[in-house]
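Please keep the sequence and the model in view while reading.

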Amino acid sequence: MRKHLISILTLFLIFMPPCSSYSEEQNSVQHSSGISVKEKYFSGIPSSELVKLENTGKLTLFLKEGQLPVFLPDISEKSRMENEIEKSSFNTGIETLFLHREKKYQKSIKEYFDVLTDVRTLEGIEYYSHSREKYRTLFAEAYPVKGTDRNDTAEKPVFNENIRNYSFNCYTRDLSFGRNYYRLDYTVSDNYLVMEMTNIDDMRYKIIPAIGKGDLTFYLVIMADGDDLAIYCSGICSHANAGFLEKKIRNSIHSRVEALYDWFIDNISE
């Protein structure tokens, strides 16, 4: 009888799957989060580009006229955003994608929302001027307004977990394009947040008409998944094709995309 019990026990130990502790299971879930964020949001990006994103933390693409964005994440708003971009007949487009895994960037959606809606912090941010080969101030002034009167100021929206969409106007004094107004639209989800920033008046470079009303939109998408924070940022613009001005605007859109990303990441890490 004892021999039978030993034999049964031996078989049980041989074929029984190894037990995992609670901490090991937790580590497994966290480890898989890097895979799930790619599967969830970036199914259309070639695997070679995803490897580059993993290794460098950044992807950049200059879009050709009529080309749809490549890095636009798989979110509910993707089709609408693609349609808007396609209809814009843009002649300058740039998109960037960033991936962070540092704990200091792991925040709640509410905290990301509070940063993106606090447009007063845009005041004083810098961008790299390719023409001057140095950093310059982008916005000398920036704050929310009720309409298109810079004297009629407003408060930033307050986060409410039951509200999905928010909108307000923002006044800016741009050191390149002068005084302008933007409409800011936000879409909030459980795991991501979208900010869209569109000019609502004509923009001039000094005295020269440069960008028409509604012809410049910046898209910023914040995606949180486990330990990963992915940030998509793009600038889409239909502008005047006027020799030297065309190159200046192209470089300016590129610099502004980078500046918006820097603005967000600097504020979320504080």
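Predicted model: local features only at pLDDT ≥ 70, side-chain atom pairs only at ≥ 80, totals over all residues.

The largest pocket holds about 290 Å³ of space, while the second largest pocket has a volume of about 210 Å³. There are also two cavities of 30 Å³ or more.

**The largest pocket**

- The lining of the largest pocket is made up of 20 residues, and those lying nearest its centre are Glu84, Glu196, Thr198, Thr217 and Tyr219.
- Two or more residues of this lining come from each of the elements α4 (78–87), β7 (178–188), β8 (192–199), β10 and β11 (228–239).
- Strand β10 provides the largest share of the lining of the largest pocket, namely five residues.
- Sorted by class, the residues that line the largest pocket are seven nonpolar, seven polar and six charged.

**The second largest pocket**

- For the second largest pocket the lining counts 17 residues, and Ser129, Ser131, Lys248, Asn251 and Ser252 are the ones that lie nearest its centre.
- Both β3 (126–129) and α6 (244–268) supply at least two residues of the lining of the second largest pocket, and α6 gives the most, with seven residues.
- The classes represented in the lining of the second largest pocket are five nonpolar, seven polar and five charged residues.

**The enclosed cavities**

- Rolling a probe the size of a water molecule over the atoms shows where empty space is left.
- The largest cavity, with a volume of about 40 Å³, is lined by Leu138, Phe139, Asp174, Tyr182, Met197, Phe218, Arg256 and Leu260.
- In the lining of the largest cavity six residues are nonpolar, none is polar and two are charged.
- The second largest cavity contains about 30 Å³ of space, and the residues that line it are Met195, Met197, Phe218, Tyr219, Leu220 and Leu260.
- Strands β8 and β10 are the elements that give two or more residues to the lining of the second largest cavity, and the largest share, three residues, comes from β10.
- The lining of the second largest cavity consists of six nonpolar residues, with no polar and no charged residues.

- Ile207, Ile208 and Phe244 together make a nonpolar surface patch of about 340 Å².
- Within this patch, Ile207 is placed in the loop between β9 (203–205) and β10 (208–225).
- Ile207 counts as exposed because its relative accessibility is 73%, and the cut-off for that class is over 50%.

- Is Met81 buried or exposed? Met81 has 0% relative accessibility and therefore counts as buried, the cut-off for that class being under 20%.
- Met81 has its place in helix α4, and α4 is also among the elements that give two or more residues to the lining of the largest pocket.
- Between Met81 and Leu68 there are 13 residues of separation in sequence, and the distance in space from C-alpha to C-alpha is 9.9 Å.

Technical notes: Residues numbered from 1 in each chain as written. Heavy atoms only, no water. Patch = residues over 30% accessible without salt bridge, like charges linked within 9 Å, V, L, I, M, F, W, Y side chains within 5 Å. Areas by Shrake-Rupley, 256 points an atom, 1.4 Å probe, with all protein chains shown as cover. Salt bridge = Lys/Arg side-chain N within 4 Å of Asp/Glu carboxyl O. Helix = DSSP H or I, 4+ residues; strand = E, 2+ residues; numbered from the N terminus. Buried < 20%, exposed > 50% of the residue type's maximum accessible area, 1.4 Å probe, protein only. 1 Å grid on protein atoms, 1.4 Å probe; cavity = no way out; pocket = protein on both sides within 12 Å on 5 of 7 lines; lining within 4 Å. Points joined across faces, edges and corners; volume = space filled by probe spheres on them. Nonpolar A, V, L, I, M, F, W, Y, C, P; charged D, E, K, R; others polar.
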